[in-house]
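Subject: Structure handover

Hello,

Here is the structure I said I would pass on. My notes on what was found follow below it.

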Amino acid sequence: MGRERKTETLDEFFKTELLAGRRKRIEVACLDMWEPFRTSIQKWAPQCTIVYDKFDVRQHANQAIDEVRRAEFFRQGKKKREVVKGKRWLLLTRWVNLTAAKRQQRNELFAMNRKMLKAYLLKESLDRLWTYSYEGAMLRYLKNWFSALRWQRLPAFERLAYMLLDHVDGILNYCRVKVRFGVVEAINGNIKISLRRGRGYQNLRYLLLKAQRMAATKTEFVAFRKAA
């Protein structure tokens, strides 16, 4: 389902499935950093606090480091491109999830290109944002992250920095309203599984009933976690 279609579905959900009284009781929404999503939420539930999804920020950081990888190894010629071929996932995988052997392979890539090391450290350090409980501390860390970019000459990460700056309020809202991102991600995964199984649902109400059933019984949630 494309994002445009998701936005239409979100507007339809607010319009047809939630009465005004129920919309007013929505307190928090966790969403991607995509403007139509925010616009729809603010239109139908203006009192709602928006928290931007940690996994969406991580995805944008992965896109930035992948852009750096392509630019750097294209610039260094065919021989080095062959060396890194098939190793893209090493840069997208978090440090803690790599085995010792895979870390060694990744360090060999860094030895060939220092910019890749700098980009990887910037990507990994973003995850520390969600270890903070106080808004001021989180904002200071983010400002320091911006400062670390100043002399690195990494356009992809500069664009990421501007995106984070444009959405900084929704990022800082994590300190004001704690959101369990793991649960949100699991629910999103369950809905995607349902859509694949049903090859898409034309009936929004039926899809909502399916989502409510999964949330109530937790059976699909358990299956999703085991499969992950």
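**Strands and their surroundings**

In this predicted model, the side chains of strand 1 (residues 28-31) alternate between two faces.

Strand 1 is paired with strand 2 (residues 49-52) in the parallel sense, over 4 bridges. Within that pairing, the residue opposite V28 is T49 of strand 2. Between them in the unit comes helix 3 (residues 35-44): strand 1, helix 3 and strand 2 make a right-handed β-α-β unit.

**The chain overall**

The protein chain has 14 helices and 2 strands. Of its 228 residues, 38% are buried. For contacts between residues at least 6 apart in sequence, 61% join residues at least 24 apart.

**Cavities**

A search of the whole structure turned up 2 cavities of 30 Å³ or more. My notes cover the second largest cavity, which holds about 30 Å³ of space. Its lining is made up of R58, R94, K123, E124 and D127. Sorted by class, that lining has 5 charged residues, with no nonpolar and no polar residues.

**K123**

One of the residues lining the second largest cavity is K123, and K123 belongs to helix 8 (residues 114-125). Is K123 buried or exposed? K123 has a relative accessibility of 6%, so it counts as buried; the cut-off for buried is under 20%. Setting aside neighbours within four places in sequence, K123 is in contact with A61, N62, I65, L91, L92, T93 and F157.

**A148**

A148 sits in helix 9, which covers residues 135-148. The relative accessibility of A148 is 35%, and therefore A148 counts as partly exposed; that class lies between the 20% limit for buried and the 50% limit for exposed. A148 and L122 are 26 residues apart along the chain, and their C-alpha atoms are separated by 8.2 Å.

**In short**

Regards

How values were computed:
Residues numbered from 1 in each chain as written. Predicted model: local features only at pLDDT ≥ 70, side-chain atom pairs only at ≥ 80, totals over all residues. Heavy atoms only, no water. 1 Å grid on protein atoms, 1.4 Å probe; cavity = no way out; pocket = protein on both sides within 12 Å on 5 of 7 lines; lining within 4 Å. Points joined across faces, edges and corners; volume = space filled by probe spheres on them. Nonpolar A, V, L, I, M, F, W, Y, C, P; charged D, E, K, R; others polar. Buried < 20%, exposed > 50% of the residue type's maximum accessible area, 1.4 Å probe, protein only. Pairing = 2+ DSSP bridges. Right-handed = clockwise from strand over helix to strand, strands pointing away. Contact = heavy atoms within 4.5 Å.
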